[in-house]
Amino acid sequence: VCSMGNSTSRLYSALAKTLSSSAVPQHQDCLEHPDSARLDPIDPKDLLEECQIVLQKRPPRFQRDFVNLKKNATSNHRPIRVMQWNILAQALGEGKDNFVQCPMEALKWEERKCLILEEILAYKPDILCLQEVDHYFDTFEPLLSRLGYQCTFFPKPWSPCLDVEQNNGPDGCALFFIKDRFELVNSANIRLTAMKLKTNQVAIAQTLKCNETGRLFCIAVTHLKARTGWERFRSAQGCDLLQNLKTITEGAKIPLIVCGDFNAEPTEEVYREFSNSSLNLNSAYKLLSPDGQSEPPYTTWKIRPSGECRHTLDYIWYSQHALNVNSALGLLTEEQIGPNRLPSFNYPSDHLSLVCDFSFNQDPDRLL
């Protein structure tokens, strides 16, 4: 466990436990017998301070600004902030992904974990959707539950993390929402199919009730199959996910937000399927472009032995008939990312986080 100053608070004790890779609880035990100490709330400012102590030898966080996208629309409720992020599974970062320009020192979990938490704490999402989570039980669930989030995790059936020595268990998708703002109405863990066959990719879809407005909406998180050559496979997975979401949202009667690493550029068929779906979805980050029709130039940027990989793979889709995008977090510039790309001492993942503020349309009965 790395040194974290002279603090003797319960918070320090809890955070220090999560830094120790040997303190991994059994998954089933963790689910059935929650540690009572976890129920004590954490002040996010205190946790941020603890993270910054761990990170004091690293460069400061990059500055990113929100872009206001509100078109003179008024809202009678606080916006709902949604964060989408592939955080990079620790086992893959250290054992399989071959980031040839990233020093191994930058990938140390003791510090990289605090970089991830710092990013989450900086933007304070009401709903957090993560992919490649392989430290759910020993880090994210214990800490985020004490920050007021309700937590759900669905691992891949055959996670590649398990092929790495000294792994921390399988990676998967995780969904977190602030319990004070939302009530869970329904939750579904979906194992995606392709050509009627079950696949290794998963999704979580939860129907929430917004306590402030009484409105229902569905939030979903997924991570589709990676690699070139699997385009048709991703397309089939996307069709399966859309079919599930049509049922869950009663044919788009319930507004929908879908976050994910789709492993697909906007030129792929799965992107067109989501764009042309009867669920009337739009991609929130298109709204940052001058014409509102183009995706960002990249959401991931890394260097592997095969060369430089710069792609747009991550999206936040939303029901454009029922939801407005008030603002979106700007991406890191090439200058900020630097010549060695991601991950780095500055940034913990090879994917950028996406963050949007949503509000409900004031005319919920408007036709699709």
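How many of the six residues of strand S9 are buried? In this predicted model, six of the six are buried, so S9 is largely enclosed by the rest of the structure.

**View 1. Strand S9 within its sheet.** The open sheet contains six strands in the order S6-S7-S8-S9-S13-S10, and its pairing is mixed. Its edges are formed by strand S6 (182–194) and strand S10 (281–283), each of which pairs on one side only, and the twist from one strand to the next averages 20°. From S9, the residues Leu 256, Val 258 and Gly 260 point one way, while Ile 257, Cys 259 and Asp 261 point the other way, and all are buried.

**View 2. The pairings on either side of S9.** With S8, strand S9 pairs in the parallel sense over six bridges, and within this pairing Val 221 has Cys 259 of S9 as its bridge partner. With S13, strand S9 pairs in the antiparallel sense over five bridges, where Gly 260 stands opposite Tyr 315 of S13. Strands of a sheet pair through backbone hydrogen bonds, in either the parallel or the antiparallel sense.

View 3. Strand S13 (residues 314–319) and S10 are paired in the antiparallel sense, over three bridges. Opposite Leu 281 stands Ser 319, which belongs to S13.

**View 4. Helix H7 across the sheet.** Helix H7 (residues 231–248) lies across S6, strand S7 (197–210), strand S8 (216–223), strand S9 (256–261) and S10, and runs at about 150° to S6. Together, S8, H7 and S9 make up a β-α-β unit that is right-handed.

**View 5. The nonpolar cores.** The largest nonpolar core comprises 72 residues, and those with the most contacts inside it are Ile 127, Phe 176, Ile 219 and Phe 358. Helix H5 (residues 109–123) gives the most to this core, contributing eight residues. A second, separate core has 25 residues, among them Leu 192, Ala 220, Tyr 271 and Phe 274. In soluble globular proteins, nonpolar side chains tend to be buried together.

**View 6. The surroundings of Phe 358.** Not counting residues up to four places away in sequence, Phe 358 touches residues that include His 77, Pro 79, Ile 80 and Val 82, together with Ile 257, Ala 284, Ile 316 and Tyr 318. Leu 323, Asn 324, Val 325 and Asn 326 are also among the residues that Phe 358 touches.

View 7. Arg 64 is placed in the loop between helix H3 (44–54) and strand S1 (66–68). Its relative accessibility is 6%, and because the cut-off for buried is under 20%, Arg 64 counts as buried. The side chains of Arg 64 and Glu 119 are joined by a polar contact of 3.3 Å, and the side chain of Arg 64 also reaches the backbone oxygen of Gly 330 at 2.8 Å. Leaving aside neighbours within four places in sequence, the residues in contact with Arg 64 include Tyr 123, Leu 329, Leu 331, Leu 332, Tyr 347 and Ser 353.

**View 8. The covered helix H6.** Helix H6 (residues 136–146) is mostly covered, with 11 of its 11 residues buried. After H6 comes Gly 148, whose phi is positive, near 100°.

Note on methods: Residues numbered from 1 in each chain as written. Predicted model: local features only at pLDDT ≥ 70, side-chain atom pairs only at ≥ 80, totals over all residues. Heavy atoms only, no water. Helix = DSSP H or I, 4+ residues; strand = E, 2+ residues; numbered from the N terminus. Buried < 20%, exposed > 50% of the residue type's maximum accessible area, 1.4 Å probe, protein only. Polar contact = N/O pair within 3.5 Å; in protein donor to acceptor, adjacent residues only side chain to side chain. Contact = heavy atoms within 4.5 Å. Core = buried A, V, L, I, M, F, W, Y, C linked by side-chain atoms within 4.5 Å. Pairing = 2+ DSSP bridges. Axes fitted to C-alpha atoms, helices over the stretch in contact; angles between N-to-C directions. Right-handed = clockwise from strand over helix to strand, strands pointing away.
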